[in-house]
Amino acid sequence: DPRPGHGEHWLSVIDFCCFDDSQENRDDRLALLATFADLPEGVALSAPCDRGQPKAFRNAEAAFHALKFWALGATFSRLSGRAALQKQLRLRQHADPTFAGYGCEWSAMSAVLAAKFAEGTAAAAALLATGDAFLLARVDPADEENSARSWSDGGDGEGANRLGLLLLVIRDRLSGRRGWTGYLQGLFDLGTGRAASPDAGEAWQGLVRKAAMCAAPTFE
């Protein structure tokens with residue numbers, strides 16, 4: 001465990017399939033961590049460019065991509081995660097680089113996940129059930145549609161695992177602890193997702209690599 005004060009404590013790693021809805025997570029609760037997961041409560045999201053006009057979505061993936069085309073946001077409402085991914089690819093030449101006023105994809109995903117893991121939701125309960133474990137978002141490296149290496153481990157430990165990072169921060173917020181947030185603030189600007197320095201970025205990447213090595217095979 002790289003966090004100060006944890007000494008020789010071994011770090012627990014929980015990995016989950018983050019994007020691919022054709023793969024099954026080994027635990028139903030872990031399935032709720034995935035951006036493709038359809039949620040009992042759905043995801044209700046408003047945008048800075050359109051305050052007071054929230055839209056509802058089946059899953060976080062659809063909500064995230066809708067922010068690139070907020071005027072058409074309602075057309076993403078009932079889409080599966082995969083269908084939303086494919087739709088935004090068709091529309092990408094018209095994408096709003098400000099993500100409907102959130103400014104960047106990090107801030108947009110932060111807002112989507114905050115709505116998804118709102119206190120009292122099934123998703124929040126699933127996230128809290130992971131305890132203090134390091135969270136590793138995995139993706140099938142053979143699936144070109146889902147090769148979002150920045151959000152996942154890239155399937156080989158070389159992806160940035162930014163989804164896992166955000167979930168660690170949100171879990172601390174829900175639990176009232178700072179077990180991960182304090183450590184991560186030393187590595188990143190959590191408002192933008194940018195590494196504090198090249199060394200800080202490499203420290204995080206090293207942790208992702210080790211977690212990926214320890215995780216059980218997810219894709220066969």
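User: Over the ring of which residue does the charged end of Lys87 sit?
Analyst: This is a predicted model, in which local features need pLDDT of at least 70, side-chain atom pairs count only at pLDDT 80 or more, and totals for chains, interfaces and linings use all residues. Residues are numbered from 1 along each chain as its sequence is written, and side-chain values use heavy atoms, with hydrogens and water left out. A charge sits over a ring if NZ of Lys or CZ of Arg is within 6 Å of the ring centre and within 35 degrees of the ring normal. The charged end of Lys87 lies 5.6 Å from the ring centre of Phe76.

User: At what distance from the ring centre of Trp151 does Arg162 lie?
Analyst: Arg162 is placed over the face of Trp151. The distance to the ring centre is 4.3 Å.

User: What is the geometry of the aromatic pair of Phe188 and Trp204?
Analyst: Rings of Phe, Tyr and Trp (its six-membered ring) pair if their centres lie within 6.5 Å; planes under 30 degrees apart count as stacked, over 60 as edge-to-face and the rest as tilted. For Phe188 and Trp204 the centres are 5.9 Å apart and the planes make 85°, which is edge-to-face.

User: Is Asn161 buried or exposed?
Analyst: Asn161 has a positive phi of about 55° although it is not a glycine. Buried means under 20% relative accessible area, exposed over 50%, and partly exposed in between (1.4 Å probe, protein chains only). With a relative accessible area of 0%, Asn161 is buried.
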